[in-house]
Amino acid sequence: MSPVRDATAGELATWDERTVRRPGGHVYQSRAWAEHRASTGWQPRFLVFGDGFGVLALLRPWPLVGGASAYLPRGPIPADDPGLTAKRLVLAASFLFDAGVDVVAADPEVAAASPYLRLVRAAGFRQIEEIQPSRHRMSLPLGKGADEAAVFAVFARATRQRIRGAEAIGMTIVRHDAAANAGAGEGFLAPSEPGPAALERFYDLLRATGERRRFAFGPREAYLAWWRAALEAGHLLYLEAQVEKEPIAGLLLHRHGGRLSTVHSADRPETRRAHPGALHLLRWRSIQLAVREGCTEMDLGGVDLPSARRPPREGEPTFGLYQHKRSFGAEWVELAGAHEKAFRPRRYAVGRTLARIGRLLGR
């Protein structure tokens, strides 16, 4: 594989084809994500390998001492050969080191049981705490030519009953999706308002959910700015459950790499007793979309916690969510997780300390 280089203007024009839409691709390797992060002080660097694969690197310069940190968000995009993914990471890190970067972090979604872990650790990378909320994920394999009825039959009986119950009372699912060129599709309603308005409502719902479960979300405008950009680019879709036109729950998804991925879900707790199937119907509709789009996987997202990167156990905060996702036939997928390599440990330590002080003073 020839050395890494910066992307040309022509390669940038087709960047998302290299990093988002190809098998294993991820939204956080997109042009839209790079532009969003640039608005918050990161410096995007679009790199291309000799075989045409691309990887987005986000650089954050240290204050005062020079140098920088770099993060390859969910990259490099995994190849069929995990060894090749490891090689690309090592090459990208070496390129960034020569460009003055002191530490490189990466978290491609590579199976933990593959040779990838052994190879990157042999190259000097070490495991770190996750940069994204979860290390592992719950996955529903679909395969080419999947049939909706056959997929539905895999669900637990209680899950099927809740879905049918929600449909029976006339619960509707509104689809906000720039990629829905042929209309909302069977089982969905077209939106009667702009997508950003629905996303603002969903943020409030999500924030309230976080307060109940004791986890925090970032500033409102930061979330909404990304959601708007991703929605416009076709990388994001939002499904909203309504009863008699009253919104009661929502599901936010990414579209990338031959799959739909759950990002966030939230509901109004006061409506659960009367409408217990809202989130079940939302997940079923998202799975139907994945089948119709020919996806090979429905990614139901993670349920692991920083203190326990393993399947939740009864009594733990996310055990109920774990059981909920299992009821759709989802399987626990063990991933390699985040790793970093510090090329200049001293400047890395000083730079990180100065950056932390700067953030504290800026509050």
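Which side chain makes a polar contact with the side chain of Glu130?

1. The partner is Arg135: its side chain and that of Glu130 make a polar contact at 2.8 Å. The model is predicted, and the values in this note are computed from it.

2. Glu130 sits in the loop that runs between β6 (126-127) and β7 (137-141). Its relative accessibility is 11%. Buried means under 20%, so Glu130 counts as buried.

3. The Glu130 side chain also reaches the backbone nitrogen of Ala338, at 3.2 Å. Leaving aside residues up to four places away in sequence, Glu130 touches Arg135, Arg309, Gly337 and Ala338.

4. Strand β6 belongs to an open sheet of seven strands with mixed pairing, in the order β1-β2-β3-β4-β5-β14-β6.

5. The partner of β6 is β14 (residues 339-342); the two run antiparallel and are joined by two bridges. Here Gln127 is opposite His339 of β14. Helix α4 (residues 82-98) packs on the sheet and touches β1, β2 (43-48), β3 (54-61), β4 (68-72) and β5 (101-106). The direction of α4 makes about 155 degrees with that of β5.

6. A separate point concerns two helices. The axes of α7 (residues 157-168) and α10 (residues 278-292) come within 8 Å and cross at roughly 95 degrees; α7 and α10 are therefore roughly perpendicular to each other. From α7 the contact involves Thr159, Arg162, Ile163, Ala166 and Glu167, and from α10 His280, Leu281, Trp284 and Arg285. Of these contact residues, four are nonpolar, two polar and three charged.

Technical notes. Residues numbered from 1 in each chain as written. Predicted model: local features only at pLDDT ≥ 70, side-chain atom pairs only at ≥ 80, totals over all residues. Heavy atoms only, no water. Helix = DSSP H or I, 4+ residues; strand = E, 2+ residues; numbered from the N terminus. Buried < 20%, exposed > 50% of the residue type's maximum accessible area, 1.4 Å probe, protein only. Polar contact = N/O pair within 3.5 Å; in protein donor to acceptor, adjacent residues only side chain to side chain. Contact = heavy atoms within 4.5 Å. Axes fitted to C-alpha atoms, helices over the stretch in contact; angles between N-to-C directions. Parallel < 35°, antiparallel > 145°, perpendicular 65-115°, else oblique. Nonpolar A, V, L, I, M, F, W, Y, C, P; charged D, E, K, R; others polar. Pairing = 2+ DSSP bridges.
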